[in-house]
Every structure is written in C-alpha cells, then in structure tokens.
Amino acid sequence: MKIPTLKKMRNAGDVLIERALPKEGSLVVKIGDKVEPFAKLGMSKASYGRMPMGNAVAIAKDKKLNDYFYCGDLIGNVLGKRITAPFDGYLVKEGEEYVFKQEERDYWLLSGVWGEVTGLVENKSVLIRTQTKNIHLPVCAGGNCSGELVVFPNPPTLLEISYLEKYAKETFGKVIYGGNFIRMEFLQRAIELNVAGVIGGSAGRSAFSLAKKEGMFLGVFSGFGRIPTPKYIFNFLKEISSRYVFLRGGENLLRVPIPYGEFVSGKTPEEFLVELTPGLRVQVFKAPYFGFGGVVEDVRGMNVYVKLDEINQSIEVEVPGVFAVD
Amino acid sequence: MPILSIYLGTAETSFLKFNTYEDYDFRKYPYSYSPELFGHFITGEKFYNGLLSEVCKDWKINLKDYEVVAGVVSGCNYLPDCQSAVDVMVKMKDLNWISLNNFWVANPGGLVSYMPVSAETGEFHFMGLDDSDLVDLFSNTSIYPQACMEGFELDSLLEIYASRLEICTEEKRLTLITGERMNTFRKRESESVLLIMDLIKMPGLFDINIDLDNTFPTLALLQSNLESRTLSQMDMKYTKLTALLNTPGGAEVLVETDVGTSQIVEVEDNEIFLVPLEEGAKARIVLSHSQLGEVESYITGGRLGLVIDAREKTKGEFLESTYRRKHQKSWLEVLENRPQGLE
C-alpha cells in the first residue's frame, strides 16, 4: 500500500529575505549586487546589550540615573545583591523599571545569505533573493527570529546546560540546537542568556508555555514529549553549525541559506504517496518508538518491519504508525 | 449516475463506490490530513485529491464517471461542496448509532468533542489532568491524529464526554457502534466491549452491532444523495456483538435457546455475566426486574452471546476514575474469560 511522505527538508529557490538595520543608518549595497554571508550591507549605531534590573535598585554612591558605567563598575544593589556592569553602558529607566543598556557602537549588518540584492528601503533594509533549505518544525512558539546556529552534539540529559554555559562562547542573539529533548531548565537558562531561539527534537508542553510567556522562540522537529530529532536532520545541522539561520514561526520553518550551486532550482515533485516497500526510509509513530527513524526491512499486509537507526534493532509496527520520510 | 462518497475523518479517510444496490465497495485509508504535518508542502485539497486518485486506480474507475459526495467531521472543507458528516449521519433515523472516535463522540442527539490542544492555546486545563506525560501524549495527537492512543485514559475521556449525550434511549432497535475507535476493537477487544457497555447506561435490552470498518459515515453520505432507503437495501456486513441486557441492581433471567436448553441465570448487583450463545442462535429470555418490570423477549446471539450487566451505571460514582480503576480489572476478567457453553 501507499503511505504519505513527511517532507521535512525541502529546497526552496527564489526566496526573498529582508535584512534590516536595528535603527536608521546607511546602506552600502545597491540593487543587483551579489552578496555572500559575510558581505556588509549597511551600518547603524546600536546598543547590543541590555540588562533589565527591576524597579528596586539602590544606585551606587556617587552615581545617578543616566550616568555612564565602565565594564566592572558597581551599578548598585538589587534586593541586597551587588550588581556590576557587564559592559560599558548607561543606567536608564524605562517606565518603572531600571535597565542597564550597553553604549551604542557601530553595528554592521551582514548579509547572512548567498544571493542578489533585489530591493532597498533607504537607510533601513535590504531585500535579497536567495535559496534555502527549509526544515519543518511541526510545533513552534514564537514569531520570527534569526541568528548564528550553534549545534550541541545531542548531549545526554543534564549536560546540555554545561554545554550552553561553557562551550558556547557568546550565546547572546544566537539560535541554539539543544538536543533531542529541550528541558525546562535548559530553556530557562537560554532565556536568561538572551538566546534568540531554541530548537530541538522535542519538548514538553510546559516548555512551550514558558517560551510563549517569555517571548522566546522554541521550535521542535518531532513533537511533544521525548521524541528524538530524526538522524538525517541532525546530521545536516551538524554540517551547518555557525551558519546564520532564520526561524519563521508563522510558517513552522527553519530556513537555512545555502550557496548557489548546492542545488538546482526547479519544481519540487509533488508526489506525497509512496509505495511501502523494503528499503524505504520511514519514521515510526507508535510508542515506545515514537519518532524513531529507520529503514523498512519487510512488509506483510498492514505490518511493517523496520530497522531503527537509534537503537539498531528491528521492530514491528502497524500502519498507520509509520510515515515515509523524504 | 454512480456515486463515490468520501468521508474525511479526523484520523482516517473512507470511500464508498456505489454503482447499484448489488454492486458497491468500501475502502479505508488509515491516514488523514494534518496541517501541522503536511501544511508546509501540500494543501488539504491536494492531499485528498491524491488519495482519490489512488483509490480510483485501485478500483479501476474513472472519477469523471462518478458523482462525488464528500463529508467532513469538523474544521476545514478540503474538497468542494463538502457537507457536515455529522449533520448527514443524524438524519439516519432507522437505527440507534454511536460514533466513537479518538477525540469526539456523536449520536443522533448531538456531538461532544475534546479536541486535543495545540501549541497555540494557552494554559492547559484538561479534566484536571496534570500528568505531563499524558498532557504531551494528547498534545501530540493534534500533530499525528492517526496515532491511536491506547489505554484507560482515552476510553475514560470518551465515556465522560459521551455522558453529556443521551445515548440509546430506545430499546430493541438495532444499535450500531461505529467510528475511528473501532480500528483498535480487535486488538483491545475486552476494553472495547467494556467501553460500549459503559456508554449504554439505561436499563433495557439492546441489540448491539459494531461497524469495524467505519463504513457508516460513507453510507450516510450516500443516503443523502439517494431517495430510497439505502441501508435496508444494502447487505451491510456489520458484526453482531451481543444482546446487552442492562439490569442494574441484579436480576434472575431465564434463558431458553432454540436448541432446547434452558437455564436460570442469577446475576448479583454490580456484576457482569456472559451467557454464551452462538452467533445467529435465537433465544427467549424472561425476567422480572424492579425497573424493567416483567420482560419477555426474543434475542439473537452475537460474538459475545448475551451479556447481562447488573452495574448501576447511572450513578455519579460510576464516572469517577478512582471507582473505575478499582473495578475495571474484575470487569475485564469477566469479558476475557468467557464460558464455552451452557450446561
């Protein structure tokens, strides 16, 4: 019989991506320019860092609101705890809350993608035609964000927070792949470290509630609970660690820019039903192997025998507990 | 003109090809369209048109030669002129029917649903369920609707929500159990039978049949396009499950079979008793009951023969999960260890 295919990774040509300056500045490209990821598009002044401090701040002696602080200077006390400046900046007030904002520096907007400039909004943004590999995220919390992708090597439980703190030099504004399962503690720490977005194989529903509440992007490749990332997706992510990527919550996509020449643009075949035969790559959706990938070894009526990648053993599963993967 | 009726279920898709009352066929495809899974590369319309194309190849028919009648449970109308399947099913008044599905229950009295939550909803409150594993399991069914959930929790939820419907208010009419829940009937037979018995609460005698292939919605859609009475003219191969006799508080029942055996069966309060009768075998039953009065009736045996259920199923504690967990094992044992014959 024929079964549906999950097209988790698809090539997309003719993708338009907008790259925008954080504030009005100046652009250095023009329409028709060919760009690569590290090409400079424009520059403006921007404050990179921001540390909310609440409304109960006892400012240090000889200092006052709107003063300048060097990195390491004592800003004041918050509920008995001494707070020092993590960077050069100013203590300001936004509404009732104190915020320590990094001093503005030159911000160079880089392309992040391979492509051609097709449009400009004067002094503000650049529209680039590019091509991407899109990876489907069935569940997302959050809107759109982008950043450099950091891929942790599917760490065992409890080590992923160590990876986050020690192995990622600078997590601010980055997109972190946090492993097969995103724990609440990991997500909480990522929020504290001002990560742009977190992706992984799966997460609990409560993690999505937290991400939504905190305005953090969280997306998973498989579903809720403890479901692993399909191996072929993880293998791809490993290869593109450090690449600038785009998360589109409304479209449930992780867009990974790829160089011209890596695939030939053309119409993607629309066949989504494939014959269930030995050798077919599939994903199983039946407990306790929910989300595991593998290869079909035999088909007997509605029963399918699949050799699983994750545990290197064969199991029997009944249709519809199996989908083909593309 | 021949008719092709298509039912777009929440977890499966069914097809009925109707040429004449003697020439018709069913097909069931155990997948349905999930926007979360497929929406990024294919629309619902293309998905179902693709399935239609495959079914037509299988049947070696040309779709253009058929009038297509489609029905959907809820949500999106992926095919042109899609009707509400439940509205059509409600018009089938010549039998009692209950449609049991993973997330919703319907009968001629209406439909109740506990659609699984998606990532878009806010705080999760689900019948006081705070077990995070269960919460994740139910949430996954919004992405993978064909993933059949097994176990006590799903059936309990079906029962709790079904209690809001008036089920089986008329005795002795053919009662048909249909729906996607029937997909796992054979694998979990005792649990499935117990679920059906728990849903039919009122005292009385009920002739229970099961639609193992969920053909009923396609028939209802077909009926909506035909003037004559489809069901009575088509040889529907429903499985006769049992004659169910609800006698809350207990009863003494005389059972006389057509092969000449006769036995008085005494069933205590809160017990379930199975009287073996071969499928199709006829029997006469006589009893006197506080709520039913004097009853004399003829029954036909089913897969389970005659089931006498003396549990008080209308009391509030019957719906409580603690009560059910306490007694479920003993109830299932009765259904699993069926006697082989009358002495």
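Predicted model: local features only at pLDDT ≥ 70, side-chain atom pairs only at ≥ 80, totals over all residues.
## Extent of the interface

The two chains touch through 33 residues of chain B and 34 residues of chain A. Together, chain B and chain A bury about 2,900 Å². Carbon and sulfur atoms account for 60% of this buried area.

## Polar and charged links

Between chain B and chain A there is 1 salt bridge. It joins A:Lys2 to B:Glu54, whose closest N and O atoms lie 3.2 Å apart.

## The side contributed by chain B

Three helices of chain B, namely α1 (35-38), α2 (44-59) and α4 (132-140), each provide at least two residues of the side that touches chain A. The largest share comes from α2(B), which supplies 5 residues.

Sorted by class, this side of chain B consists of 17 nonpolar, 8 polar and 8 charged residues.

## A sheet in chain A

Chain A contains an open sheet of 7 strands with mixed pairing, arranged in the order β24-β1-β29-β25-β26-β27-β28. At its edges are β24 (273-275) and β28 (314-318) of chain A, each of which pairs on one side only. On average, neighbouring strands of the sheet are turned by 50 degrees against each other, when direction is ignored.

Within chain A, strand β25 (residues 281-284) pairs with strand β29 (residues 322-325) in the antiparallel sense, over 3 bridges. A:Gln283 has A:Phe323, in β29(A), as its bridge partner.

Notes
Residues numbered from 1 in each chain as written. Chains lettered and ligands numbered in written order. Heavy atoms only, no water. Contact = heavy atoms within 4.5 Å. Buried area = accessible area lost by both parts, 1.4 Å probe. Salt bridge = Lys/Arg side-chain N within 4 Å of Asp/Glu carboxyl O. Helix = DSSP H or I, 4+ residues; strand = E, 2+ residues; numbered from the N terminus. Nonpolar A, V, L, I, M, F, W, Y, C, P; charged D, E, K, R; others polar. Pairing = 2+ DSSP bridges. Axes fitted to C-alpha atoms, helices over the stretch in contact; angles between N-to-C directions.
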